[in-house]
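Dear colleague,

Please find the structure below, handed over for your use. My notes on it follow.

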Amino acid sequence: MAETIPFIDLRSTHADFIQGYLKELENLFQTCDFIGASSKRVAAFEEHFARYIGVKHALGVNSGTDALLLALDALGVGHGDEVILPAFGFIATADVIVRLGARPVFVDVQPDTFNVNPEAIEAAITERTKAIIPVHLFGQICDMDAIMAIAERHKLPVVEDVAQACGAATADGRRAGSIGTFGAFSFYPTKNIGAAGDAGIVTTNDDALAEKIRRFRDHGRTTAGTFECIGYNSRLDTIQAMYLAHKLPELDDNLLDRIENAKLYDTLLAEVDRSLEIRHGERRPLIERPAVPGDLRHTFNLYTIKAPDRDRLKACLAQRGIQTAIYYPTPLHTTPALAFLGYKGGQFPVAEECARRCLSLPVWPGLKRQQIQRVVHEVREFLENNTFIG
Ligand SMILES: Cc1ncc(COP(=O)(O)O)c(C=O)c1O
């Protein structure tokens, strides 16, 4: 059997610096400067990250989930409030709203970019709306100009969920996480820049909100050492900050690799579609590729297609040693944990169609050209040997 193509190979993401990092760890175990609140190494990483994103403040926390939770808490989201978010995405974005006693209000997404539909956001605003969370899904920034215009009209704060899109940018170069009131990033190992465990960061240009996050993440402690609000234990560990500090200078090169890989998929899958179109006289493309409107910088944390008979395609690829993943098989509004919100299937047809048809192909930096060619070859075989359409 041919060599397995993993969905992601994390070893390739630290191969170039792991020896240097291990040396630094030896030193850390002498200084024992382990915890984020006082660590100079954490502060150095935060400064570097803030410069990369183009914001005044970056505050390291425990995870992307905590980044969202602390940001919403700092905005005063609580009982009786509503927060608007897309119906297609990861549960963490909804979890944190529920944890604060507020209600997640779902809206539908766009069929070609998978990102939230700005018009649907505006239609969902009520007098109870307290914040909007655009999620930059799969690595592509949302239509932030449209979303910020709506937010400004209704005087609402925006928390960008940048978990999957570190390094993504608008056509004029504004980075995701620098546009809304807050950016919430995850450094989960498979993200564009992943830690060696759980970690996250909050970005903002607002001095007062930054100070709130600084206190929240350390039990509400002030610089004078008193506790002036109820906070969390959500500090970024030095071990993670040091690892991330090695990765940050490599981020843009890694993103270029992802973008090149995605381009190759686009070209090869378009060829497959063209040849099958002729053979079957079928006009609609059999595989829908991810759309990148205008000159947005999509970072392809995930290369996600829409495929006919997705589950069978996934099983067929797996049989031939190609690992793929489904993000996400269930839209948020029909997720069992959120059933108490009272949403029903059929309410967000685009999100539901994405959940039925989306399949993510391997796209990690370091994936070889021949491996992508093999993935596409197997996709073609599957399409050629089946007469289904739809
Ligand atoms: C869109 C989105 N938001 C939030 C999170 C939560 O991040 P973490 O796993 O670091 O808590 C994730 C992680 O997968 C995510 O994909």
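Where is isoleucine 35 found? Isoleucine 35 lies in the loop between helix H2 (18-31) and helix H3 (40-53). Helices (H or I, at least four residues) and strands (E, at least two) are DSSP runs, numbered from the N terminus.

Before the remaining findings, please note that this is a predicted model, in which local features need pLDDT of at least 70 and side-chain atom pairs count only at pLDDT 80 or more, while totals for chains, interfaces and linings use all residues. Residues are numbered from 1 along each chain as its sequence is written, and side-chain values use heavy atoms, with hydrogens and water left out.

Surface patch

Phe29, Phe34 and Ile35 make a nonpolar surface patch of about 270 Å². Patches are made of residues with over 30% relative accessible area and no salt bridge; like charges are joined within 9 Å, and nonpolar side chains (Val, Leu, Ile, Met, Phe, Trp, Tyr) within 5 Å. Accessible areas come from the Shrake-Rupley method with a 1.4 Å probe, and for residues only the protein chains shown count as cover. Isoleucine 35 has a relative accessible area of 40% and is partly exposed; buried means under 20%, exposed over 50%, and partly exposed in between (1.4 Å probe, protein chains only).

Salt bridges

The structure holds 28 salt bridges, a salt bridge being a side-chain nitrogen of Lys or Arg within 4 Å of a carboxyl oxygen of Asp or Glu. One of them joins the side chains of glutamate 3 and arginine 374 (3.9 Å, N to O). This pair links distant parts of the chain, 371 residues apart: glutamate 3 is in the segment before helix H1 (11-14), and arginine 374 is in helix H13. Arginine 374 is buried, at 17% relative accessible area.

Helix H13 (residues 369-384) has 16 residues and spans 22 Å from its first C-alpha to its last, close to the expected 22 Å; the expected span is 1.5 Å times one less than the number of residues. Among the buried residues of H13 are Ile372, Arg374, Val375 and Phe382.

A salt bridge also joins aspartate 145 and arginine 174, with the closest N and O atoms 3.1 Å apart. Aspartate 145 lies in helix H7 (residues 144-153) and arginine 174 in the loop between strand E5 (159-161) and strand E6 (182-186), so the pair ties together parts that are 29 residues apart in sequence. Arginine 174 is partly exposed, at 30%.

Within helix H8 (residues 207-216), glutamate 211 and arginine 214 are three residues apart, about one turn of the helix. Their side chains meet in a salt bridge (2.8 Å, N to O). Glutamate 211 is partly exposed at 26% relative accessibility, and arginine 214 is partly exposed at 32%. Salt bridges that share partners join Glu211, Arg214, Arg215 and Glu228 into one network.

Cysteines

There are zero disulfides in the structure, a disulfide being a pair of cysteine sulfur atoms within 2.5 Å. The sulfur of cysteine 166 is 15 Å from the closest cysteine sulfur, in cysteine 142, which is too far for a bond. Cysteine 166 is buried, at 3% relative accessibility, whereas cysteine 32 is partly exposed, at 44%.

Strand E2

Five of the five residues of strand E2 (residues 82-86) are buried. Glu82, Ile84 and Pro86 lie on one side, and Val83 and Leu85 on the other. Strand E2 runs parallel to strand E3 (residues 103-107), and five bridges join the two; strands pair if DSSP finds at least two bridges between them. Leucine 85 stands opposite phenylalanine 106 in E3.

With kind regards
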